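Welcome to this short tour. Take a moment to look over the sequence and the model below, and then let us walk through a few of the helices together.

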Amino acid sequence: MVNISLTFFFLSVCPGLLKTHPNSIIGFIYRPEFGFVTYVLLANTLQNLFQLFLLSPLLKGFKWAFNTALWKEVMVYALPLTIVGFGGMINETFDRILLVKRLPHANDYATYQVGIYSGCYKLSLLITLFVQAFRMGAEPFFFRQSVESTAQRTYARVMKFFVILISGMFLFVTMYLDIWKYFITDHTMWVGLKVVPILLFANMFLGIYYNLSIWYKLSTNTLSGAYITLIGAGITLLVNYLFIPVFGYMASAWRPSPVMGV
């Protein structure tokens with residue numbers, strides 16, 4: 001709430017107040033020459049400082065101590081997960097970059113195609129947000145259940161109901177796409193709606209992958225996760241590079257499905 005409120009204040013409220021009251025304190029808080037991105041980052045920073053303030057009572061009596069053995073153990077476990085996160089960002093963002101590079105640039109054609117793809121991509125956010133929320137809640141639960149004798153059965157049931165629920169969400173978005181499309185205000189971009197079911201399907205695979213990936217985290221074999229992610233990122237880059245000039249943003253839409261299925 002703090003992040004959203006501050007972002008709205010900086011990007012929507014401040015420009016209007018600055019025009020009507022140029023000599024007020026708003027001129028000190030908001031400088032248009034800094035750009036919107038600066039204020040998005042500032043809102044995020046202030047949000048984290050607020051969280052730190054709320055958690056500050058937990059730091060009372062805290063003493064700094066460095067455990068070398070524990071640090072080495074954590075690094076061996078966590079560094080491959082850093083690669084996993086980096087590979088995930090490649091899968092998520094590099095398609096737009098390659099669309100600009102690999103499509104013809106005449107009359108801003110490439111930029112417009114990226115706009116169509118990005119606009120329609122937003123309609124798949126329902127499943128994307130659900131998958132991310134599931135991941136944040138499920139991983140601590142999976143780790144806690146790992147000491148139970150019925151852990152494998154619990155994981156299987158979670159996967160079963162996850163697939164049922166996310167399949168229902170897929171149908172909900174796809175079947176009512178004629179309604180959701182009105183969230184895209186530029187009607188000329190509706191031509192790209194055909195990518196939405198593909199992206200939804202890809203995010204279903206991503207959610208299933210998050211369920212299955214718990215095995216290498218529980219077994220501390222996180223290096224396997226890094227290999228899987230690097231293979232997936234390689235497929236993403238290769239498919240985009242080879243097929244964008246032929247199929248345009250449809251190549252970018254199709255590439256996540258095999259990646260998430262690796």
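Predicted model: local features only at pLDDT ≥ 70, side-chain atom pairs only at ≥ 80, totals over all residues.

Residues are numbered from 1 along each chain as its sequence is written, and side-chain values use heavy atoms, leaving out hydrogens and water.

| Helix pair | Angle | Distance between axes |
|---|---|---|
| α7 (residues 151-175) and α9 (residues 195-212) | about 170° | 10 Å |
| α4 (residues 68-102) and α5 (residues 109-121) | about 155° | 8 Å |

Helices α7 and α9 pack at an angle of about 170°, so they are roughly antiparallel to each other. Their contact (heavy atoms within 4.5 Å) involves, among others, F162, I166 and F170 of α7 and L200, F201 and M204 of α9. The contact residues of α7 with α9 divide into 14 nonpolar, five polar and no charged. In this grouping, Ala, Val, Leu, Ile, Met, Phe, Trp, Tyr, Cys and Pro are nonpolar, Asp, Glu, Lys and Arg are charged, and the others, Gly among them, are polar.

Helices α4 and α5 pack at about 155°, which makes α4 roughly antiparallel to α5. On the α4 side, E92, D95, R96, L99 and V100 take part, and they meet A110, V114, Y117, S118 and Y121 in α5. This contact has six nonpolar residues, one polar and three charged.

**A closer look at α3**

Helix α3 (residues 36-55) has 20 residues and reaches 29 Å from its first C-alpha to its last, close to the 28 Å expected at 1.5 Å a residue. That expected span is 1.5 Å times one less than the number of residues.

Which residues of α3 are buried? They are Y39, A43 and Q47, where buried means under 20% relative accessible area and exposed over 50%, with partly exposed in between (1.4 Å probe, protein chains only). These residues cover an arc of only 90° around the axis, so they sit on the same side of α3. The face turned away from that buried side carries the exposed residues V37 and L41. Among what covers the buried residues are α1 (2-20) and α2 (26-29).

Finally, Q47 counts as buried because its relative accessibility is 17%. Leaving aside neighbours within four places in sequence, Q47 is in contact with V2 and N3.

Definitions and conventions: Axes fitted to C-alpha atoms, helices over the stretch in contact; angles between N-to-C directions. Helix = DSSP H or I, 4+ residues; strand = E, 2+ residues; numbered from the N terminus. Parallel < 35°, antiparallel > 145°, perpendicular 65-115°, else oblique. Arc of directions from axis to C-beta.
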